[in-house]
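Open the structure in your viewer and keep the sequence panel beside it. This tour tells you what to select next and what is there.

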Amino acid sequence: MALSATIYKADLSVSDMDRGYYAAHNLTIACHPSETTERMMLRLLAFAIYASEGLKFTRGISSEDEPDIWEHHDHGDVKLWIELGLPDERRLRQACGKADQVVLFAYGGRALPVWWKTHAGVLRKLDKLTVLSVPETTLAALDAMAARSMQLSCTIQDGVIWLADGSHNLEIQVETLQRDGKQAP
């Protein structure tokens with residue numbers, strides 16, 4: 001008997017002062033049986049950081065030809081492709097061929113620095129790719145916020161990200177390893 005996805009609901013209020021984007025999103029997030037709640041909450045954070053009216057969750061971990069989150073132009077081409085984890089560089093190259101912008105939220109504890117050292121040279125050639133590193137402490141804090149029904153508020157100002165619910169108020173630390181193919185300072 002196959003396990004089914006666990007469904008999470010989130011009312012997410014986004015106030016992104018850096019982009020001038022203010023909106024409320026009622027989200028339904030399917031957490032695949034092989035996906036951790038940390039990863040599911042990272043998908044939610046990625047959505048909040050890049051929120052727009054056209055941004056959508058995909059089948060994610062259960063699909064090989066789709067990212068975790070994406071946005072399409074009105075004419076159907078992919079505008080934004082968001083990946084999570086430590087994917088093969090081939091997958092990121094293909095994503096850059098399909099989308100205007102690709103963002104990777106890289107995480108993986110001690111494996112992350114090894115993965116970055118191995119792939120950084122090739123990934124820097126991808127001028128559409130931004131790589132953000134998410135520390136384990138951030139993932140643990142996000143995991144503590146996970147609930148089947150969530151009321152979340154995300155505020156972004158001067159590059160600083162705050163995520164809050166009724167009992168948590170987190171300042172999220174995300175390090176930029178690469179922006180648009182260039183090594184971050």
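This is a predicted model: local features need pLDDT of at least 70, side-chain atom pairs count only at pLDDT 80 or more; totals for chains, interfaces and linings use all residues.

Residues are numbered from 1 along each chain as its sequence is written, and side-chain values use heavy atoms, with hydrogens and water left out.

**Stop 1: the sheet**

Switch to a cartoon view. Find the open sheet of 5 strands, in the order β2-β1-β8-β9-β10, with mixed pairing. Strands (E, at least two residues) and helices (H or I, at least four) are DSSP runs, numbered from the N terminus. Two strands pair if DSSP finds at least two bridges between them. From one strand to the next, the twist averages 20 degrees.

Which strands stand at the edges? Select β2 (21–31) and β10 (169–172): each has a single partner strand, so one side of each is left without a neighbour in the sheet.

Now walk across the pairs.

- Select β1 and β2. They pair in the antiparallel sense over 11 bridges. Lys 9 stands opposite Thr 28 in β2.
- Go to the hairpin of these two strands, with 4 residues between them; Gly 20 there takes a positive phi near 70 degrees.
- Look for Val 14 opposite Cys 154 in β8.
- Finish with β9 (residues 160–164) and β10, an antiparallel pair with 4 bridges. Ala 164 stands opposite Asn 169 in β10.

**Stop 2: helices across the sheet**

Select α1. This helix lies across β1 (6–16), β2, β8 (149–157), β9 and β10, and runs at about 155 degrees to β2. Next, select α4 (residues 136–145). It lies across β8, β9 and β10, at about 150 degrees to β10. These angles run from 0 to 180 degrees between N-to-C directions, using axes fitted to C-alpha atoms, for helices over the stretch in contact.

**Stop 3: the cores**

Show side chains. A nonpolar core is a set of buried Ala, Val, Leu, Ile, Met, Phe, Trp, Tyr and Cys residues joined through side-chain atoms within 4.5 Å. Buried means under 20% relative accessible area, exposed over 50%, partly exposed in between (1.4 Å probe, protein chains only).

The largest nonpolar core has 42 residues; Leu 12, Leu 44, Tyr 50, Ile 82 and Phe 105 have the most contacts inside it. Helix α1 (residues 37–49) gives the most to this core, with 9 residues.

Centre on Ile 82. Leaving out residues up to four places away in sequence, the residues it touches include Ala 46, Tyr 50, Leu 55 and Phe 105. Contact means heavy atoms within 4.5 Å.

Then select Trp 81, Leu 92, Ala 99 and Leu 126. They are among a second, separate core of 19 residues.

**Stop 4: Ser 52**

Go to the loop between α1 and β3 (56–57), where Ser 52 lies. Is Ser 52 buried or exposed? It is buried, with a relative accessible area of 12%. Its side chain joins that of Glu 71 in a polar contact of 3.0 Å.

**Stop 5: the cysteines**

How many disulfides does a search of the whole structure find? It finds 0. A disulfide is a pair of cysteine sulfur atoms within 2.5 Å. For Cys 31, the nearest cysteine sulfur is that of Cys 154, 20 Å away. Cys 31 counts as buried because its relative accessibility is 6%.

Key
A polar contact is a pair of N or O atoms within 3.5 Å; within protein, one must be able to donate a hydrogen and the other to accept it, and residues adjacent in sequence count only if both atoms are side-chain atoms.
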